[in-house]
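I opened the model to look up a few residues and some totals. My entries follow.

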Amino acid sequence: MNFHQLHIFHTVAERGSFSSAAQMLHMTQPAVTMQVQALEDYFGTKLLNRSTKKIEFTEAGMTLFPYAQRSIDIMREADVAMSSFTHMLQGRLQLGASLTIGEYVLPRLLGPFGQQYPEINIVMKVMNTTQIIDEICKHQLNFGLIEAPIQHPDMVIDVVMQDELKLIVPAEHPLAEQDVVSLEDVLEYPFVLREQGSGTRQVMEHQFLNKGINLDQLQVVMELGSTGAVKSAVEAGLGITMLSPASVKHEIALGLVKMIDIRDVEFKRQFYAIHLKSTLLPISAVTFLTFLKQQK
């Protein structure tokens, strides 16, 4: 018995078919079948019933499955524990990042990470969550970084960073004279927002609903598909918005917009890393995610 066989058995059981597991593992179906059979020979008992269209556990397979899961978890934990000692990492790390993370959060962190691990070549694609999931499933990305949690049967999701949205208003806006305003004050003015379904907008709307604010009360005058477009509209005085402070540092420094707190409500959110359950992340990816978790 070896870890490779346990990993294959776990993937077959989780996917429900040898062909699906073979595709996920980038192996031929006969090779996957052979490894499961070798594991069955080792234990001297059947682990999976193949007589039905969907593979089912035998009693022995059901007993083994949690041990296989634990072995995978232990390998991942070992990677995390050892990543801090590994300074001569090499390789190409391909990741996908949603808009706010990819354009405004990661760029300031890639420099320090590159200095610490110069041999890791990071290739980052900025895209929406659906595209990230699709490319991970096709094994075109090692992992993705997204702004809102997802429910996906094939994905591991893990919190890596914290963020908090703030009210952003034009420099000459009436609210700009205050450092803290109430929700009632905010509702008096038109909003420029990201499109429906964006992570940023979901966080804002969720907190408004928690405070008993009907979303119909919002005066949404414009919905835009990028944070850059939202910022430009706010600078032009077309409305106010909610954005991550990381995305408006430059505009605040130039005095184009002002960041304001809203009294008695926090628009906190988390950024998440996602990757396939059936795939063990390379040590370079584990090191990068550990680095992100250590950032303030």
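I began with L106, which sits in the loop between α5 (99-105) and α6 (107-116). Helices here are DSSP runs of H or I with at least four residues, strands are runs of E with at least two, and both are numbered from the N terminus.

Before going on, I noted that this is a predicted model, where local features need pLDDT of at least 70, side-chain atom pairs count only at pLDDT 80 or more, and totals for chains, interfaces and linings use all residues. Residues are numbered from 1 along each chain as its sequence is written, and side-chain values use heavy atoms, with hydrogens and water left out.

Is L106 buried or exposed? L106 has a relative accessible area of 0%, so I logged it as buried. The cut-offs are under 20% for buried, over 50% for exposed and in between for partly exposed, with a 1.4 Å probe and protein chains only.

Next I listed what L106 touches, setting aside neighbours within four places in sequence. Its contacts are L95, A97, I101, M124, L145, F288 and L292. Contact means heavy atoms within 4.5 Å. I then checked L292: it is 186 residues from L106 in sequence, yet the C-alpha atoms are 9.0 Å apart.

I turned to D264. This residue lies in the loop between β11 (257-262) and β12 (267-276). Its relative accessibility is 65%, so D264 counts as exposed. I also took the C-alpha separation of D264 and F113, which is 36 Å for 151 residues along the chain.

F43 came next. I found F43 in helix α3 (residues 29-43). F43 is partly exposed because its relative accessible area is 37%. Together with M1 and Y42, F43 forms a nonpolar surface patch of about 330 Å² accessible area. Accessible areas come from the Shrake-Rupley method with a 1.4 Å probe.

The C-alpha atoms fill a box of roughly 75 × 45 × 30 Å along the principal axes. Of the 296 residues, 46% are buried. For contacts between residues at least 6 apart in sequence, 75% join residues at least 24 apart. The accessible surface is about 15000 Å², and carbon and sulfur atoms hold 52% of it.

Technical notes: Patch = residues over 30% accessible without salt bridge, like charges linked within 9 Å, V, L, I, M, F, W, Y side chains within 5 Å. Salt bridge = Lys/Arg side-chain N within 4 Å of Asp/Glu carboxyl O.
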